[in-house]
Amino acid sequence: MTRRSRHMLGLLTLVIGLSEAPLSAQFFSDTNHPELEWFDIETEHFKVTYHTGLETFAQRVATIAEEIYAPITDLYQFRPKSKPRILCRDIDDTNRSAFYPTTNTIDFWATGITHDFDLRGAKTNWVRNILTHEFTHLVNTQTARKMPGRMQGLYLQTFLYQAENRREDVATGFPNAIASIIYPSEIAPPWFTEGSAQYMASGAQYDVWDSHRDMILRQAVLNGSLLTYDEMGVFGAKTGLGFENVYDHGYSLTLHIVNHYGETALKDLLRAMKPAWRYDFSGAIESVLGVTGRELYADWKATLEERYRIQQSGRSDQLAEGDLVFNDGYMNLHPRWSPDGKRLAFLSNAGSDYGRTALVVYTFADSSEKAYGPARTAIDWDAAGDRILHTNRSQPNKHGSRYWDLYTATLSDSSGLTAWQTIKGSVGLANPTPSRFDRLTYDGRAAHPQYAPDGNQIVFVHNLGGTNNLALLDVVSGKTRALTRFTDGTQIHTPDWSPDGARIAFSIFAPNGDRSIGIIPAAGGDWEYLVTSTKT
């Protein structure tokens with residue numbers, strides 16, 4: 001038999017696209033949380049969809065959306081052809097806000113990120129911040145897209161077929177090779193898309209380069225762990241801190257571009273990616289800025305190294321180092337001394353990642369660490385030092401919603417103690433062998449709990465409809481009562497009692513930019529400023 005040298009060739013081209021779905025309030029009523037009723041608000045440039053109990057929040061979102069529309073669309077010289085839809089919902093104690101360019105939609109969750117994201121500083125007006133971020137994304141991606149809005153990209157695939165030993169009943173032979181290529185509609189590295197979304201635009205800059213971000217970047221520069229240019233271009237194969245570094249580094253590099261080349265360079269870079277033939281963002285950088293992507297990166301890195309070395313040299317004679325007692329994880333938060341001062345409780349993500357933290361107790365006498373179940377936000381000891389009051393996200397309720405609730409972990413229950421060594425490297429701190437937990441609330445939507453000095457009441461932060469308020473839980477009866485009645489998006493953190501139990505101090509983050517400390521009678525009544533960052 002003569003062997004044939006030729007190959008049979010087959011070519012398949014697939015178009016990947018999504019149509020803009022005809023979303024409406026009725027659509028969400030039928031498909032998401034049937035216990036809720038859904039409504040629409042239509043403004044000049046947006047459609048806002050919201051559910052029962054969220055009208056005040058939705059109205060605030062609609063107002064802010066109109067205020068940010070012009071600054072962002074003017075900067076990028078792009079206006080969506082149809083009105084973007086903003087879907088507002090408050091069905092979990094979490095923030096999963098995102099944008100979907102193919103459906104021209106922003107999914108906006110009404111829980112502030114300030115309670116559930118510890119790698120950035122708290123934002124006073126988180127609604128304006130997140131909405132501006134996601135709308136900037138929506139405009140950016142549509143500014144740079146190469147294809148019509150309903151297409152995400154092209155998927156090209158080539159098959160090669162075996163020519164040898166071909167049977168008469170097989171038309172093309174057996175396949176022996178395949179080659180595929182994806183040609184997306186929008187091409188831009190994560191560092192730029194996230195960096196420009198955090199920078200936003202003049203007149204709509206509601207994010208800031210805060211001390212948390214600067215700390216992360218400074219440590220990366222001084223420790224020699226700054227992401228490379230290539231590493232900043234992908235999210236994959238990174239820890240939660242590595243993901244945040246893409247945001248953090250990208251924001252800083254975007255600021256570097258704006259400071260050296262002007263704000264309009266952001267728009268020009270995106271428009272330089274619009275031609276069908278341009279597949280490499282570095283080419284856009286060179287055509288717009290006159291330097292290659294790696295040269296831009298090198299200049300930015302050199303600037304950072306100079307800045308942080310100067311800062312370091314100016315403080316080298318002021319270093320004060322304590323005794324290191326715990327060095328695992330990259331988030332160790334909310335430390336709290338036991339009543340007898342012999343133990344320290346805190347939250348740690350050691351053995352885990354992202355914001356998944358567990359309750360850890362460190363004993364100074366024997367330098368031992370014990371880990372209990374998952375926990376979030378601030379914690380507190382009871383007067384006897386046997387239990388720790390904490391917050392955890394409960395299992396889904398009958399409607400599928402997951403809310404924060406108050407729990408206590410009983411430390412004296414030996415069956416609940418789990419050796420640290422049995423947790424690390426196996427199941428992680430987010431899922432250790434359970435301690436004895438007592439659940440104090442159901443669908444409480446609670447955070448930052450603190451015992452009253454007499455132990456009979458617990459003050460906590462209550463989350464609902466994009467706003468926080470203070471509430472009290474009676475330990476014996478299990479009944480709660482509200483202390484404050486904010487409705488404007490105010491965020492509250494870490495309330496604490498006065499030694500006599502008559503007053504409660506709390507951190508307050510107001511939408512007007514105020515970051516202050518308030519104080520309120522525990523019996524109820526008007527609150528007043530203890531320390532304020534703005535004039536009253």
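Predicted model: local features only at pLDDT ≥ 70, side-chain atom pairs only at ≥ 80, totals over all residues.
Arg-336 has Ala-345 of strand β10 as its bridge partner.

**Hairpin of β9 and β10**

- Strand β9 spans residues 332-337 and strand β10 spans residues 343-348; the two run antiparallel and are joined by 4 bridges.
- Between the strands of this hairpin lie 5 residues.
- Gly-341 in the hairpin adopts a positive phi near 75 degrees.

**Open sheet of β22 to β25**

- An open sheet is formed by 4 strands, ordered β22-β23-β24-β25, with antiparallel pairing.
- The edge positions are held by β22 (491-497) and β25 (528-531); each has a single partner strand, so one side of each lacks a neighbour in the sheet.
- From one strand to the next, the twist averages 35 degrees.
- Strands β23 (residues 503-509) and β24 (residues 515-521) run antiparallel and are connected by 7 bridges.
- Opposite Phe-509 stands Arg-515 in β24.
- In general, the strands of a sheet pair through backbone hydrogen bonds, in either a parallel or an antiparallel manner.

**Packing of α6 against α9**

- Helix α6 comprises residues 240-261 and helix α9 comprises residues 293-313; their axes come within 10 Å and cross at roughly 100 degrees.
- The two helices, α6 and α9, are therefore roughly perpendicular to each other, because angles of 65 to 115 degrees are counted in that category.
- On the α6 side, the contact is made by His-249, Ser-252, Leu-253, His-256, Ile-257 and Tyr-261.
- On the α9 side, Leu-296, Asp-299, Trp-300, Thr-303 and Leu-304 take part in the contact.
- Classified by residue type, the contact of α6 with α9 contains 6 nonpolar, 4 polar and 1 charged residues.

- Thr-377 is not a glycine, yet its phi is positive, at about 60 degrees.
- Strand β13 (residues 376-381) contains Thr-377.
- The relative accessibility of Thr-377 is 4%, so this residue counts as buried, the cut-off being under 20%.
- Thr-494, likewise a residue other than glycine, has a positive phi near 35 degrees.
- With 36% relative accessibility, Thr-494 counts as partly exposed.

How values were computed. Residues numbered from 1 in each chain as written. Heavy atoms only, no water. Pairing = 2+ DSSP bridges. Axes fitted to C-alpha atoms, helices over the stretch in contact; angles between N-to-C directions. Parallel < 35°, antiparallel > 145°, perpendicular 65-115°, else oblique. Contact = heavy atoms within 4.5 Å. Nonpolar A, V, L, I, M, F, W, Y, C, P; charged D, E, K, R; others polar. Buried < 20%, exposed > 50% of the residue type's maximum accessible area, 1.4 Å probe, protein only.
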